[in-house]
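Dear colleague,

Please find below the structure that I am handing over to you. My notes on what was found in it follow directly after.

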Amino acid sequence: MSDWSFGISLTIVGVSGTFLTLGILIVVIELTKKIFPLPESKKDSAGR
Amino acid sequence: MLESIIAGISGLGAGTMYLATKGLPNIIMLFVGGVLLYLAIKREIEPLLLLPIGFGCVLVNVPLSDLMEQGGMLRFFYDVGIITEIFPLLIFVGIGAMTDFGPLLENPKILLFGAAGQLGIFCTLLLALALGFPQLDAVCIGIIGACDGPTAIYVTSQYAPHLLGPVSVAAYSYMSLVPIIQPPIMKALTTEKERTTRMAITKESVSKNTRILFPIIVTIATGLIAPKGLPLMGTIMLGNLMKESGVVARLTGASENEIANIVTLFLGLAIGGTMEGHTFLKSETLLIFGLGFLAISLDTVAGVFFGKIMYRLTGGKINPLIGAAGISAYPMAARVVQAQGQRYDKKNFLLMHAMGANTGGQIGSVMAAAVMLSVLKGMGLI
């Protein structure tokens, strides 16, 4: 594989892979927050 | 007997003779070691790393000491901790135990800044290839753009161990220069209006269950996508799980103090040990330092540009400056963003948002390295 095809392939897959993985993490974190919300009693003190 | 005495005396002067005859590279590196010690002691630039690196550099450049030969002290640290990749991983456990991912969990979307802040890795990889570096060397040089010392050491020790000295010194030096490198770029790429954008204060908080599940979920999810990077992500998340669970205070304390301190000392000495004059002083070392500087600058450029895109997409609700915090230099990059924000509007408080982006940068840098390693494995190159 030539250096340029190596570099460009790694850049395309690397950048999109990093964005995709972090995008998936965002969704999973939001889901986890919905499944395990902060208890009402603690929401009051957190908002103060 | 006289011959024995003369032979003995010549043994005592052998080091000095070596320096005088063929020791110019060692003399230069003794000076470089001195500069690193000066930066650590007088300027307090990353002293925990630069002091042992500087002293390791001094040790290995005293001729005929054989410290990096088989059986030598520095060689032992190198073989035990760097060849095996254990030192950077143990440091990651400590980093995980020290990091509060709370700001990131409160506003997870900010994690994307941690991806944008890694673009410098890939741009530098292409530049290194253009300059003629072999493919795996170029990968390791690009990794300087992760702004993450342990990640750079982990990847370089596996795939380009001959570059370990320059890559790790460049990574740690430029990380410490973030407050100097970033502000001019941030100013050049943003308008006055963008810089003075105030961001709403997030009042949402997260439950303890979410905080505990976060490291477990991240480990499994990222491990499934990029298994070659699991040691990196797994150790940082192990440290964070210990911290958030609250049930192993002794282990958490040991990870962020005793273990991290001892490993940092041995790691620094071992890296310094790779800086022997005859092997370190090459034109490629200077190129690596130049490319490392570019890598971190390009990270900032990409982060701020991504911030500008988010500024437009959100109708001016996100200050583009926080894009500069999407790198792994934690918490330094977040503090830089806060300082720059207040430079243009004294009542602008960007710190919590920048902290979120900065912890996102920590995950992003590890993730970028993990993705790269898994892609290289897929290509059959490692």
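**Contact between the two chains**

In this predicted model, 34 residues of chain B are in contact with 27 residues of chain A, two residues being in contact if their C-beta atoms, placed from the backbone, lie within 7 Å. On the side of chain B that touches chain A, at least two residues each are supplied by helix 7 (111–116), helix 8 (119–130), helix 14 (208–225) and helix 20 (351–379) of chain B. Helix 14 of chain B gives the largest share, nine residues. By class, this side of chain B has 23 nonpolar, nine polar and two charged residues. Here Ala, Val, Leu, Ile, Met, Phe, Trp, Tyr, Cys and Pro count as nonpolar, Asp, Glu, Lys and Arg as charged, and the others, Gly among them, as polar.

**Chain B as a whole**

Chain B has 20 helices and zero strands; helices (H or I, at least four residues) and strands (E, at least two) are DSSP runs, numbered from the N terminus. The radius of gyration of chain B, taken over C-alpha atoms, is 22 Å, close to the 21 Å from the globule rule for 382 residues, so chain B is as compact as a globular protein of that length. That rule is 2.2 Å times the number of residues to the power 0.38. Of the 382 residues in chain B, 56% are buried, that is, have 20 or more other C-beta atoms within 10 Å of their own, with C-beta atoms placed from the backbone (12 or fewer is exposed, in between partly exposed).

**Two local features**

Helix 16 of chain B (residues 249–273) has 25 residues and, at 1.5 Å a residue, should span 36 Å, which agrees with the 35 Å between its end C-alpha atoms; the expected span is 1.5 Å times one less than the number of residues.

B:Ser328 is located in the loop between helix 18 (283–313) and helix 19 (332–344) of chain B. B:Ser328 counts as buried because it has 32 C-beta neighbours inside 10 Å. Beyond its neighbours within four places in sequence, B:Ser328 contacts B:Ala146, B:Cys147, B:Asp148, B:Gly361, B:Gln362 and B:Ser365.

**Conventions**

Residues are numbered from 1 along each chain as its sequence is written, while chains are lettered from A and ligands numbered from 1 in the order in which they are written.

With kind regards

Conventions:
This is a predicted model: local features need pLDDT of at least 70, side-chain atom pairs count only at pLDDT 80 or more; totals for chains, interfaces and linings use all residues.
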